Amino acid sequence: NIHGLLAQCYIKENKPDSTEWAFREGLKHYDDNAYYHESLGYLSRKKNDFDQAILQYEKASELLPEKSALYKTLGELYYQTNKTDKAIEAYESLLKLEPKNREAEQKLAAMLRSAGREEDMIARQEKMLADKPDDTKLMFDLGKTYYRNYEYKKALQKFETLAQKQPDNIEALRYLANVQLNLEQYNAAIATLKKMNSIEPGNVETMCSIANVYRTKKSFQIARTWARKAMRVAPGNGLPYITIGDIYSSTVEYCADKRGGGGFDINDKLIYELAYSEYQKAKKDPAQISTAQKKIEALKAERSLFKSDRGSAFLASENNEIKKNNNNEIEIDNIKKEIEEKLESLKKVKDSENTEEIKNKTSELSQIIQKAGAELYKNPEEKKEEKEPKEPEEGEYKEKKDEEKGPEQPKEGEGKEK
C-alpha cells in the first residue's frame, strides 16, 4: 500500500524519522500489518527505545507466530532489559521452530544459568548431547557445568569420554585432572598430568601440579624431583620455588604427625628454614611476590618458627642473630660462626639427590645449635651443675646414635674394686 511504499522511499533516503511516521500512519489504517509493527520495532530499537521496540515485536509475533526471527529479537530485547524469564520463554519458542539452532541453545543455556535454573540448563544440554553424541564442544560445556556444580562423578564421565575422542585436548585434560583430584584419584590425576606434560613438554605449571600431587601422596622425594625439573626449565619462574617450599613444609607436618604431635623439634624448624629460603627466592619473580609473602607470613604466624620453644636457637632469617651472654661472648661468637658455616654447607647440598648427605649435614647443624641453646638459656647457677645431655628426638632428617653408656655399677652384694 501507499504507506509502505512511502516508508521504503524514506529508508532509501536515510530518513529514519520520516520512515517511522510513514509506518505509524499505515498502522492507523492497517493495524494487523505485521510488517509495519516489526519495522517500527526495529526503528525503536535503533533509538534505544527498548520498551516501544518490545511492544511492536510482541504485536508482530502475535500476527506471525511462525516467524522464528521475531522470537530471537524479542529474546534479546527481554534479556537486555533484565526480563530473563520472558527471554527464556522467547528462546524456547524459537527452538520449537528451529530445534537444531545451536546458537539459540547456547544462549538459552546461559540465560537459564543466570536465572539460577541450573537443573533446567543441564537437562537441555543432556538432551542436545543425546541428539548429537559426537558434539565435543557440547560435551566439554556440559562437563564444565557439572564441574562448576561440584558434580564431579558426572563431570568425570564427560571429560574421560572427551579425552578418548580428543586425546590432545589440553583444556579437557586439565579439567579431567582437576576432577580426578577432587575425587582423590591421585594416581589417575598424575597419569593425566604426565600426558599433558608429554603434549606440552616444559610447561612449568603442569610439572608443579605433578609435584603437588606427589606431595599430597607423601612422596616427597619424587615431588621435589618434579619441582626441580620445572626450576631447570624456567629458573626465573617463582612457582617451582613455592612448590618446593610447600613440599618442605608438608614434610615437617607429616613427620610431626607420625611422632604423635608434641610440637616441632629443632630439626623440624631447620626444614622450615629451607622452606622459608625457597619462598624468599620465589619473591624474585614479580608474579609470585604476593603468594610467596603469604607463605612466609603463614610460617611466622602459624608455626611460631621465629621463637624458641625448647631452648634452641633457630636461625629463622638472615637477620636473626644468636644472643650473646656477657660471661661467654667469645665462646658464643665461635659457635655462631660454626652455625653459619654448617647452615651454608646444608644449603649447598639441599638441592642434591643425596639424601644421606643431607641427613649428615642436618645432624651436624642440629648438634651445634643445641650446644648454642644450652649456652644461651642456662643461668649462672645452672652452669655449676652439669646435667646429662638430653637424648635427641627422632625426626626425618636425624640419624639415630648409640647412647654413650658409663661403666656398669656392681649389683648389690657384689664386691667392688677400688
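## Charged pairs on the helices

K107 counts as partly exposed because its relative accessibility is 28%; partly exposed lies between buried, under 20% relative accessible area, and exposed, over 50% (1.4 Å probe, protein chains only). The model is predicted, so local features need pLDDT of at least 70 and side-chain atom pairs count only at pLDDT 80 or more, while totals for chains, interfaces and linings use all residues. Residues are numbered from 1 along each chain as its sequence is written, and side-chain values use heavy atoms, with hydrogens and water left out.

K107 pairs with E103 in a salt bridge, a term that requires a side-chain nitrogen of Lys or Arg within 4 Å of a carboxyl oxygen of Asp or Glu. E103 and K107 are four residues apart in helix α7 (residues 102-114), which means that about one helical turn separates them. Helices (H or I, at least four residues) and strands (E, at least two) are DSSP runs, numbered from the N terminus. E103 is also partly exposed, at 43% relative accessibility.

An α-helix has 3.6 residues a turn, so residues three or four places apart point the same way.

E151 and K154 form another salt bridge. E151 has a relative accessible area of 27% and is partly exposed; K154, with 45%, is partly exposed as well. Salt bridges with shared partners link R45, K72, E76, E103 and K107 into one network. The search of the whole structure finds 19 salt bridges, among them those tabulated here.

| Salt bridge | N to O distance |
|---|---|
| E103 and K107 | 3.5 Å |
| E151 and K154 | 3.3 Å |

Helix α11 (residues 170-182) has 13 residues and should span 18 Å at 1.5 Å a residue; its end C-alpha atoms are 18 Å apart, which agrees. The expected span is 1.5 Å times one less than the number of residues.

After α11 comes E184, which has a positive phi near 60°.

The buried residues of α11 are I170, A172, L173, L176, A177, V179 and Q180. Their cover includes α9 (136-148), α10 (152-165) and α12 (186-199).

## The loop residue N33

N33 sits in the loop between α2 (16-29) and α3 (34-46). Its relative accessible area of 19% makes N33 buried. The side chain of N33 reaches the backbone nitrogen of Y35 at 3.0 Å. Leaving aside residues up to four places away in sequence, N33 touches N1, L27 and L63, where contact means heavy atoms within 4.5 Å.

## The whole protein

The protein has 20 helices and zero strands. Of its 418 residues, 41% are buried. Among contacts with a separation of 6 or more, 54% are between residues 24 or more positions apart. The accessible surface comes to about 24600 Å², and carbon and sulfur atoms account for 47% of that area. Accessible areas come from the Shrake-Rupley method with a 1.4 Å probe; for residues, only the protein chains shown count as cover.

Note on methods:
Polar contact = N/O pair within 3.5 Å; in protein donor to acceptor, adjacent residues only side chain to side chain.
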